[in-house]
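Please examine the structure below with attention to its aromatic side chains and to the packing of its helices. The briefing that follows treats these topics in turn.

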Amino acid sequence: MTSSSTPGLTRFNTLADGEATPALHEVCASATWGNTILAGRPYATEEALLDASDAATAQLTAADLADAMAGHPPIGRPKPGDPTSSREQRGMAGASEELKTEMLELNLAYQERFGHVFLICATGATGEQMRDAVKSRIGNSPEQEQEIVRTELGKINRIRLTRLVTEALAEDAPAQDS
């Protein structure tokens, strides 16, 4: 992680609230989390932004966590036309039909038990790893699971924020003539 400000972070810091709010909502669907990050601007470094995200995630109430989870599709069923969920769930893309069916059943059982989607930082995970995680977590108490969800959400938010400030740089880079 870089220890100094980057052009992408500078752009994020200077976005109008009306532009930054929807961008933050794409990172995390919790309005509380987004408002906390927005209020903390400007951030001196990407690490400061990520630390603020960690602190905001740690402070989310159960209702705020529910809002955040509502923005995540079930594993194995990314939102159509959503490159973020498709990219993050890439490990399920090449899964066998049997594994996809098993994951659907596990997702439904998990949702019935806990009242929300199974949330895992799926970036880099295989379909089998995600299946094994839901199998191991379905027996948790609601309290245990809430803390695991908070940890997983924090990881996802870090990845998405890093991408946000990196993509902000790429989108605004002037075209170079060769």
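Tyr-110 and Phe-114 are four residues apart in helix α8, so about one helical turn separates them; helices here are DSSP runs (H or I, at least four residues), numbered from the N terminus. The model is predicted: local features need pLDDT of at least 70, side-chain atom pairs count only at pLDDT 80 or more, and totals for chains, interfaces and linings use all residues. Residues are numbered from 1 along each chain as its sequence is written, and side-chain values use heavy atoms, without hydrogens and water.

**Aromatic pairs**

- The whole structure holds two aromatic pairs, where rings of Phe, Tyr and Trp (its six-membered ring) pair if their centres lie within 6.5 Å, and planes under 30 degrees apart count as stacked, over 60 as edge-to-face and the rest as tilted.
- Tyr-110 and Phe-114 form a tilted pair, because their ring centres are 4.7 Å apart and their planes stand at 45°.
- Tyr-110 also pairs edge-to-face with Phe-118, at 5.2 Å centre to centre and 75° between the planes.
- One aromatic cluster is formed by Tyr-110, Phe-114 and Phe-118.

**Burial**

- Tyr-110 is buried, with a relative accessible area of 0%; buried means under 20%, exposed over 50% and partly exposed in between (1.4 Å probe, protein chains only).
- Phe-114 counts as buried at 14% relative accessibility, and Phe-118 counts as buried at 2%.

**Helix packing**

- The axes of α8 (residues 97-114) and α9 (residues 127-137) come within 10 Å and cross at roughly 30°; axes are lines fitted to C-alpha atoms, for helices over the stretch in contact, and angles run from 0 to 180 degrees between N-to-C directions.
- The helices α8 and α9 are therefore roughly parallel to each other, a term for angles under 35 degrees, with over 145 roughly antiparallel, 65 to 115 roughly perpendicular and the rest oblique.

Terms used. Helices (H or I, at least four residues) and strands (E, at least two) are DSSP runs, numbered from the N terminus.
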